[in-house]
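Q: I'd like to go through this model feature by feature. Can you show me how to read each one as we go?

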Amino acid sequence: MTFNGYGVWAIYRFEMARALRTIWQSIVTPVITTALYFVVFGGAIGSRMQEVGGVPYGAFIVPGLIMLSLFTQSIFNASFGIYFPKFTGTIYEILSAPVSSLEIVLAYVGAAATKSAVLGLIILGTAAFFVPLQILHPIWMMTFLILISVTFSLFGFIIGVWADGFEQLQMIPMLIVTPLTFLGGAFYSIDMLPEGWRTVTLFNPVVYLISGFRWAFYGQGDVAIGISVAATLAFFAVCLAIVMWMFKTGYRLKN
Amino acid sequence: MPVIEIEGLTKTYKSGLQALKRVDLSIAKGEIFALLGPNGAGKTTLISIVCGIVTPTTGTVTADGHDIQSDFRAARTKIGLVPQELTTDAFETVLATVTFSRGLFGKAPNPAFIEGVLKDLSLWDKRDAKIMTLSGGMKRRVMIAKALSHEPDILFLNEPTAGVDVELRRDMWAMVRKLRERGVTIILTTHYIEEAEEMADRVGVILKGELILVEEKTALMKKLGKKTLTLNLVEPLDAVPADLSDWDLTLKNEGGELEYSFDANAEDTGVPALIRRLEALNIGFKDLNTRQSSLEDIFVSLVHRNGAAA
Ligand SMILES: Nc1ncnc2c1ncn2[C@@H]1O[C@H](COP(=O)(O)OP(=O)(O)OP(=O)(O)O)[C@@H](O)[C@H]1O
Ligand SMILES: [Mg+2]
């Protein structure tokens, strides 16, 4: 046996089944939250805003909103997925099974990414009810959607391995990812910012992700698409390297 | 060829605590090996290393000839583990969690086999129940079913009968014997010494991280076996008479019983001479019985002796 396909499938299915059991929490809650964003930002505020680069404000914020959900849900799903067995002790079985680190990551991150990618599409569908949507580069849109789901699931996996309390699972998404997303142009174009702030904002990695995703929709972004792709891949590579290191050293998984 | 070969195994936890100090052990295919030792001796640590849950500090372990680190896939495929703690996925059903375990260990689905395992453990009726709705004893059985789901050749049972009622314990013993008949090697830890006495082919005693003794159970009991002769006296005695000081005697039961403990394997046990002497002293007895010391007595005396020395 060089690849434990049954093992990966078992974990993947287990994780997906967990989401289906808590379908309300997994799917319905984010959909309602997103709908609220449209009512508040798109409707109430958006009606007073001009178009951004020729795109109506309500439509303009759709990619940012989807990104926000992809970030938080990927992190939440993956971190919880690996943290929970650590917390209950059922991780013993994973550790004693003939699955390699890579297979464990593949299964947990694959399941978390699947869930958030599906969620992203559901939000996209929800958004279509509220605003006129346009997707100029659907293949790029899907590529970004999947790549970002996978990357943030990896990131979440790292958090889940590192965390030794439920508060820590919440901490990074709440304190870092959500603020960076809000400041990263989810709801505005960074061109709208004063010169100084624009430079500062370019240090926010999330800007590149949102910009690329928005480009796939409307053909325009805050930075060139190549830079967005490179930034996304770089973040992916960093997360992957950290995960591999964690397994190699047994970091917080084994004594 | 031994099915488990442990060489120079040590484990020092990050806290600095040395849980294992150079353990060497080889376990033959098809045997039932009982690992005994007081709380904190290092039993779970040893098992966890072999199963891949804890990384060893130094030393090597092979399972069925496969190194547990460099060839972990082959090694772990052979091993089933029932851990000491009852850790289960509360929201899963019995059938789902056991099916999950089989897949996790890389085996193709086999519903008929899983059904057999669940039936053997009287869990079939509970297959659709969520684990959290089961009693402690049933959860323990679920853990055993999970460990057996991938048809392991080597089974580790870490205190399988802790907190389990008498009937279930007997069922488990029967199950262990059945597995052994199929050629499965079983390593178990227990604090119920009678369990080891009943089940094991060999016994290992671990104390403060050191394997201080590994012996065939029967040889061990013979070698260390003491016998006790109890005489129920007609008239109670106040003290052991000075004339009997050649024998290792104690008075029990308010002087109503005289106990003589002796080495059952000795050429001269001293029993006939004692009886002749009692007759000469006119000390009468109504009844007598002898008792072979159990593995428990042996274990307790070993732990005490080594505990005092350490
Ligand atoms: N994760 C850990 N970190 C630090 N020390 C540990 C850890 N796990 C166990 N120990 C220590 O290692 C020693 C051996 O523990 P172990 O669990 O192997 O004992 P045991 O023989 O299984 O005991 P018991 O009969 O109570 O189950 C103990 O002193 C314990 O406190
Ligand atoms: Mg233990």
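Q: Which protein atoms are the donors of the magnesium ion (ligand 2)?

A: Donors here are N, O and S atoms within 2.8 Å of the metal (3.2 Å for Na, K and Ca); water is not among the atoms, so sites may look incomplete. In this predicted model, the magnesium ion has OG1 of B:Thr44 and OE1 of B:Gln84 as its protein donors, at 1.9 to 2.2 Å. B:Thr44 sits in helix α1 (residues 43-51) of chain B, while B:Gln84 is in the loop between β6 (79-82) and α3 (94-104), so the pair ties together parts that are 40 residues apart in sequence. Helices (H or I, at least four residues) and strands (E, at least two) are DSSP runs, numbered from the N terminus.

Q: How exposed are B:Thr44 and B:Gln84?

A: Go by relative accessible area: buried is under 20%, exposed is over 50%, and partly exposed is in between (1.4 Å probe, protein chains only). B:Thr44 comes out partly exposed at 30%, and B:Gln84 is partly exposed too, at 28%.

Q: And how many residues of α1(B) are buried?

A: Eight of the nine, so this helix is largely enclosed by the rest of the structure. Among the buried ones are B:Lys43, B:Thr45, B:Leu46 and B:Cys51. Just after the helix, B:Gly52 has a positive phi of about 90°.

Q: Which residues other than glycine have a positive phi?

A: B:Glu159 is one of them, with phi near 50°. B:Glu159 lies in the loop between β7 and α6 (166-181) of chain B, and is buried at 10% relative accessible area. Another case is B:Glu151, not a glycine either, with phi at about 55°. B:Glu151 belongs to the loop between α5 (136-148) and β7 (154-158), and is partly exposed at 36%.

Q: What does B:Thr228 touch, leaving out residues up to four places away in sequence?

A: Contact means heavy atoms within 4.5 Å. B:Thr228, in strand β11 (residues 226-233) of chain B, touches B:Glu259, B:Tyr260, B:Ser261, B:Phe262, B:Asn289, B:Thr290 and B:Arg291. At 13% relative accessibility, B:Thr228 is buried.

Q: Let's zoom out. What is the overall picture for chain B?

A: Chain B has 10 helices and 14 strands, and its C-alpha trace spans about 80 × 45 × 35 Å along the principal axes. Of its 310 residues, 48% are buried. Among contacts with a separation of 6 or more, 69% join residues 24 or more positions apart.

Q: Which parts of chain A does UniProt annotate as "transmembrane region"?

A: The unreviewed entry lists several stretches, including 169-188 and 200-217; UniProt positions are given in the numbering used here, feature names are shortened, and annotations may be inferred rather than shown by experiment. In the model, residues 169-188 of chain A are 75% helix and 0% strand, with end C-alpha atoms 28 Å apart. Residues 200-217 of chain A are 83% helix and 0% strand, with 25 Å between the end C-alpha atoms.

Technical notes. Residues numbered from 1 in each chain as written. Chains lettered and ligands numbered in written order. Predicted model: local features only at pLDDT ≥ 70, side-chain atom pairs only at ≥ 80, totals over all residues. Heavy atoms only, no water.
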